[in-house]
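Subject: Structure handover

Hi,

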Amino acid sequence: MASERWEAAAFKARVDEVLRRFVAQEADGFAAIDPLLGPVAEQLEAAVADGKRLRAAFCYWGWRAAGQPDSDALLRAAASMELVHAAAIVHDDLIDDSPLRHGRPTVHVALLAALRHQSHAETSARSLAMLVGDLLMALAGQLFAASGLPAAYLARARPLWSVMARELVAGECLEILRTGDAPDTEASLKVVRYKTAKYTVEQPLLIGGALAGAGPRLREGYTAYGLPLGEAFQLRDDLLGLFGDPARTGKANADDVRGRRPTALLAETWRLASGDDREVLSDLLGRGEPDGEDLDAVRAVMHRLKAPDRIENMIGVRVGEALDALHELDVPAHSAAALTALAHSAAVRLS
């Protein structure tokens, strides 16, 4: 970068270019195997076309905060975090049967067009989407390994990849296993922690730090900063999922209610609800495809009980914890400024 000042747009452009070139080359090689694979190759590229690139940014600043300089090789390693995210999103959309992502059809929906001639087109499209997610995860490891960083640096960070994958899959499994259970805030927060918080902030920071040779105290600080901030990120996502503007979020805002997902927002609503309120919620949530009126009714109950305010407070507390932990760390001023800006970008957003 030309200066030490954190320029989010410039960083995003660099990561976008790395991903575009790398995935385009891989998609071309994939499609060259057989013309039938063209639509699948297109979805590989579509899956990485959008994003804020927060995970790459946290990996990058995990490296920089440990005293290392800007590096194109490190940028490629950091960009691999976005391929992990893309894989997780493809699988998550498939599991949740979500129709939209970034305002476009999700991978399993988009692939239906290539399978209209099949009698079981929907099942086949879902199978193809699963494989797209699997390939994206494999490509993440490839981009990381081929980043150009010294082998000794990569070896320091490689064990963290298995931890990241294990925790991410565990969180997704917990969400599936807890769906339909009686809402419970602590259980929901555990899902948040493992499904999103760790691989969004903590693990990218730790991987960047490991690449840079960060010491134990700095790594502990990354966790103290990263875990609460990652939780704040997902709690904001839960609010946006039901109360956000779909034109901004790019996602359908019925997904959490339709799927009865174990969100902290629903759990706090349930905790605050009276017996009558719970009867109303049970009726609304029990409907297979809630329409606009049903969603409005759920929102009305939540607002009356001030559940969104509770989640906003939880977000604020966690951002405060993250920034307090950051202030305790002995890191370069430009790194502290960037991580402070990233904390606000992750937790205070409209999409």
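Below is what came out of the analysis, from the whole chain down to one residue.

Please note that this is a predicted model.

Overall fold. The protein chain holds 16 helices and two strands. Its C-alpha atoms fill a box of roughly 60 × 55 × 30 Å along the principal axes. The radius of gyration is 21 Å. A compact globule of 351 residues would come out near 20 Å, so the two values agree.

Packing and surface. Of the 351 residues, 51% count as buried. Take the contacts between residues at least 6 apart in sequence: 76% of them join residues at least 24 apart. The chain exposes about 15400 Å². Carbon and sulfur atoms supply 55% of that area.

Charges. The chain carries 39 positive and 49 negative charges. Their mean positions lie 3 Å apart.

Helix 9. This helix covers residues 216-243. At 1.5 Å a residue, its 28 residues should span 40 Å. The end C-alpha atoms are 40 Å apart, so expectation and model agree. Helix 9 is also mostly covered, with 21 of its 28 residues buried.

Ser 188. This residue sits in helix 8, which runs over residues 185-212. Is Ser 188 buried or exposed? Its relative accessible area is 4%, and the cut-off for buried is under 20%, so Ser 188 is buried. Leaving aside residues up to four places away in sequence, Ser 188 touches Pro 262, Thr 263, Ala 264 and Ala 267.

Best wishes

Note on methods
Residues are numbered from 1 along each chain as its sequence is written. This is a predicted model: local features need pLDDT of at least 70, side-chain atom pairs count only at pLDDT 80 or more; totals for chains, interfaces and linings use all residues. Side-chain values use heavy atoms; hydrogens and water are left out. Helices (H or I, at least four residues) and strands (E, at least two) are DSSP runs, numbered from the N terminus. Buried means under 20% relative accessible area, exposed over 50%, partly exposed in between (1.4 Å probe, protein chains only). Contact means heavy atoms within 4.5 Å. The expected span of a helix is 1.5 Å times one less than its number of residues. The radius of gyration is taken over C-alpha atoms; the globule rule is 2.2 Å times the number of residues to the power 0.38. Accessible areas come from the Shrake-Rupley method with a 1.4 Å probe; for residues, only the protein chains shown count as cover. Lys and Arg count as positive and Asp and Glu as negative; His and the chain ends are not counted. The place of a charge is taken as NZ of Lys, CZ of Arg, CG of Asp or CD of Glu.
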